[in-house]
Each structure stands twice: as C-alpha cells, then as structure tokens.
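Colleague: Could you take me through this model? I would like to begin with the sheets and then turn to the core and the charged pairs.

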Amino acid sequence: GMTIMPDGSVKMPDGSVKLPDGRLRLPDGTITNALPDGTHILSDGKVLLPNGNLKLPNGNILTPDGTILLPDGRVQLPDGSIAAPGYAVPEYDLPGFGNALPPGTERQPDGSLRLPNGMLLRPDGMLLLPEGS
C-alpha cells in the first residue's frame with residue numbers, strides 16, 4: 001500500500017514517492033510533474049489519480065483503504081467480498097492529494113470533476129473533452 005512519510009511525502013507501492021509539492025519521484029530518481037489532468041503515470045504502469053486512488057492497467061481503481069472499484073460499477077471490499085449495489089466508497093483526505101487539481105475545479109453530483117478547461121474527470125479515471133471539441 002501507500003506509506004505517508006514524516007516529511008509529508010507519500011511512498012507508492014512501486015517505490016515512487018509523491019512529494020509534498022505535487023511532483024513525483026520515480027524509483028530511478030527521475031522527477032515528474034503531474035499530467036494536465038492531475039494524474040501521474042507510475043513506473044509499474046498504474047496511474048496515480050489526483051485523489052490518491054490508483055487506476056490499474058485492467059481498469060480497476062484501488063482506493064487507499066484497499067477497496068477496488070470495478071469497471072462494471074461493482075465495488076470489491078478489502079476482504080474480497082462484493083459490496084451491495086449503491087455502496088458509498090469513503091473519501092479520504094490524503095496529505096498532498098487534496099489540492100492536486102487546478103483552482104476552479106468543480107465536483108459534480110456524480111463524483112466527477114469539471115476542470116477549469118472544461119474537461120471532465122470521471123470517478124473511473126476517464127477524461128472527457130469539453131463538448132464541441
């Protein structure tokens with residue numbers, strides 16, 4: 001899992017470290033900035049989302065508590081069981097993740113985020129371009 005370090009950085013499962021300033025230090029020492037949508041690509045192919053969740057190559061989303069959001073909308077709890085439909089996944093306020101999105105970002109009722117440039121970041125990690133693009 002993730003480990004929060006005393007300096008406020010967060011160590012990822014692949015050995016990358018999310019620095020308090022929002023940049024990411026990969027295991028080889030390379031420092032990267034977030035992509036325009038606020039995500040980082042980790043060395044093992046996982047995508048670190050702005051809220052601290054990890055999007056796995058198979059499309060599953062792993063939350064900090066070990067809950068897995070499956071692409072079909074089901075939720076697998078940390079004990080391996082599947083949650084009942086409508087289960088509300090808890091939100092976490094992780095150090096260094098709360099302000100990863102640009103100012104002016106608006107949370108939509110469905111949990112997606114509308115970025116100031118009009119792009120929509122859905123809870124499943126999909127990024128939709130503004131209408132008319």
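**Sheets, cores and salt bridges**

Modeller: Five strands form an open sheet with antiparallel pairing, in the order β1-β2-β3-β4-β5. Its edge strands, each pairing on one side only, are β1 (3–4) and β5 (31–32). Strands here are DSSP runs of E with at least two residues, helices are runs of H or I with at least four residues, and both are numbered from the N terminus. Two strands pair if DSSP finds at least two bridges between them.

Colleague: Before we continue, what kind of model is this?

Modeller: This is a predicted model, in which local features need pLDDT of at least 70 and side-chain atom pairs count only at pLDDT 80 or more, while totals for chains, interfaces and linings use all residues. Residues are numbered from 1 along each chain as its sequence is written, and side-chain values use heavy atoms, with hydrogens and water left out.

Colleague: How many bridges join β2 to β3?

Modeller: Two bridges connect β2 (residues 10–11) with β3 (residues 17–18), and these strands run antiparallel. Lys-11 has Val-17 in β3 as its bridge partner.

Colleague: And which strands form the six-stranded sheet?

Modeller: That open sheet has the order β6-β7-β8-β9-β10-β11, again with antiparallel pairing. Its edges are β6 (40–41) and β11 (75–76), each of which pairs on one side only. Strand β10 (residues 68–69) is joined to β11 by two bridges, and the two run antiparallel. Leu-69 stands opposite Val-75 in β11.

Colleague: How many helices and strands does the chain have?

Modeller: The chain has zero helices and 15 strands.

Colleague: Let us change topic. Which residues make up the largest nonpolar core?

Modeller: Seven residues do: Val-10, Met-12, Leu-24, Leu-26, Leu-42, Leu-48 and Leu-54. A nonpolar core is a set of buried Ala, Val, Leu, Ile, Met, Phe, Trp, Tyr and Cys residues joined through side-chain atoms within 4.5 Å. Another core of six residues lies apart from it, and includes Leu-49, Ile-61, Leu-69 and Val-75.

Colleague: Is Leu-26 buried or exposed?

Modeller: Leu-26 has a relative accessible area of 17%, so it counts as buried. Buried means under 20% relative accessible area, exposed over 50%, and partly exposed in between (1.4 Å probe, protein chains only). Leu-26 lies in the loop between β4 (24–25) and β5.

Colleague: What does Leu-26 touch?

Modeller: Setting aside residues up to four places away in sequence, Leu-26 touches Ser-16, Thr-32, Ile-41 and Ser-43. Contact means heavy atoms within 4.5 Å.

Colleague: Now the charges. How many salt bridges are found in the whole structure?

Modeller: The search finds three salt bridges, each a side-chain nitrogen of Lys or Arg within 4 Å of a carboxyl oxygen of Asp or Glu. Asp-21 pairs with Arg-23, their closest N and O atoms being 2.7 Å apart. Lys-46 pairs with Asp-44 at 2.9 Å, and Arg-74 with Asp-72 at 2.8 Å.
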